[in-house]
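User: I would like to learn how to read a fold from its model. Please take me through it feature by feature.

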Amino acid sequence: QNTINKIAAGEVIERPASVVKELLENAIDAKSTAVTVEIKEGGTSFIRVTDNGCGIPKEEVPLAFLRHSTSKIKSVEDLFTISSLGFRGEALASIAAVSQVELITKTSIGLTGTRFQIEGGEERSLEEIGAPEGTTFIARNLFYNTPARKKFLKTPSTEGAHVAELVEKLALSHPEVSIRFIQNNQNKLHTSGNHNLKDIVYTVFGREIASNLLEVTVNKPQVSIHGYIGKPVIARGNRNYENYFINGRYIKSSIISRAIEEAYRPFMMQHKYPFTMLHFTIESEMLDVNVHPTKMELRFRDGEMVYHMVYQAVSSALAHKEL
Ligand code: ADP
Ligand code: MG
């Protein structure tokens, strides 16, 4: 049983950033308005995610760590019709299989909170404890029981950089949640949670980018787009600044990337890439989703239509840039 968990965990949990991704997505799914992510040594020795969300009732705590236990169960087809990020019910089981986990949680109706410890998939304790509403999840010493996997971890600073990038992407995709990131006791990021995309661009990317933005708004029956694109003067040498989110998920689509880059082409030097920060809301009938435990591939029923819509939206924002 434990061996199976350890092997299966490899599909989901590769490094500290994968743990943080799952925990932060769970916190967002729990309707939190504020979440704090704290890591030490790049997350290899310590990861703590604290949220003010709905909490887990005591009797459900051990169950949440069983594989394929999800309170969000649904079919793969409606993955994009529902609002939650989690869907497989494997994350907690996978994390607990390869680290030392401590969970403290309290629901709004629970009289006391619950503290649960589980290490290498073995339950250590379950007790009542005073706690604020919400959930604190600590994962210590990732891969302590799988030395072969631990060897593949990079240096703490590289692992920490992966975590930072992941936290940024999730903060950008959820401007309605205030996200704080603390690395080695230093504050690295703190978003306001006020829904305002421009504020969050300022917080994450700084003033130069935030003061060179063009607004994009498209409202069509099946697709809407809102957000900002950067003026060509803030072009970058790589694609890391091309951000877009589809129904709240950070996901890549070659059609969307191509449409954005083609629209910029008349304004751009070669090997330069734009800054974009676009949120797409797309009807699920328009999507064709292929799901694998660690990656998602997105296709459109009518790719040409999506291409033209994005191309048009970006082109016309760029054409009006002097207004
Ligand atoms: P999934 O997110 O795919 O449902 P997980 O293994 O990530 O599966 O989590 C299992 C279950 O534990 C979730 O469905 C949810 O009910 C509960 N859970 C996990 N994290 C939290 C949290 N931060 N707040 C409230 N409930 C949580
Ligand atoms: Mg989850």
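User: In which hand does H9 pass H10?
Analyst: A crossing is left-handed if the near helix is turned anticlockwise from the far one by less than a right angle, and right-handed if clockwise. Here H9 passes H10 in a right-handed crossing. This is a predicted model, in which local features need pLDDT of at least 70, side-chain atom pairs count only at pLDDT 80 or more, and totals for chains, interfaces and linings use all residues. Residues are numbered from 1 along each chain as its sequence is written, while chains are lettered from A and ligands numbered from 1 in the order in which they are written.

User: At what angle do helix H9 and helix H10 pack?
Analyst: Helices (H or I, at least four residues) and strands (E, at least two) are DSSP runs, numbered from the N terminus. Axes are lines fitted to C-alpha atoms, for helices over the stretch in contact, and angles run from 0 to 180 degrees between N-to-C directions. Helix H9 (residues 254–264) and helix H10 (residues 303–319) pack at about 35 degrees, with axes 8 Å apart. Residues making the contact include Ile256, Ala259, Ile260 and Ala263 of H9, and Val306, Val310 and Val314 of H10. Two residues are in contact if their C-beta atoms, placed from the backbone, lie within 7 Å.

User: What does Val314 touch?
Analyst: Leave out residues up to four places away in sequence, and Val314 touches Val216, Ile229, Ala259, Ile260, Ala263 and Tyr264.

User: How many residues has the largest nonpolar core?
Analyst: A nonpolar core is a set of buried Ala, Val, Leu, Ile, Met, Phe, Trp, Tyr and Cys residues joined through C-beta atoms within 7 Å. Buried means 20 or more other C-beta atoms within 10 Å of a residue's own; exposed means 12 or fewer; partly exposed is in between; C-beta atoms are placed from the backbone. The largest nonpolar core has 73 residues, and Val20, Leu24, Ile95, Val167 and Val314 have the most contacts inside it. At least three of its residues come from each of domain 1 (2–190) and domain 2 (207–319), with bounds from an automatic or database domain assignment. Of the chain's 323 residues, 37% count as buried.

User: What is the strand order in the open sheet of 8 strands?
Analyst: Strands of a sheet pair through backbone hydrogen bonds, either parallel or antiparallel. Two strands pair if DSSP finds at least two bridges between them. The order is E5-E4-E3-E6-E2-E1-E7-E8, with mixed pairing. Strand E5 (122–129) and strand E8 (186–190) are the edges; each has a single partner strand, so one side of each lacks a neighbour in the sheet. From one strand to the next, the twist averages 10 degrees. Helix H2 (residues 16–29) packs on the sheet, touching strand E1 (34–40), E2 and E6. The direction of H2 makes about 10 degrees with that of E2.

User: In which sense do strand E2 and strand E6 pair?
Analyst: Strand E2 (residues 46–51) and strand E6 (residues 134–140) are antiparallel, over 6 bridges. Ile47 stands opposite Ala139 in E6.

User: How many residues lie in the hairpin that joins E9 to E10?
Analyst: The hairpin joins them through 3 residues. Strand E9 (residues 213–219) and strand E10 (residues 223–230) run antiparallel, joined by 7 bridges. Val216 stands opposite Gly227 in E10.

User: What is the phi of Asn185?
Analyst: Most residues other than glycine have a negative phi. Asn185 has a positive phi of about 65 degrees, although it is not a glycine. Asn185 lies in the loop between strand E7 (178–183) and E8. Asn185 counts as exposed because it has 7 C-beta neighbours inside 10 Å.
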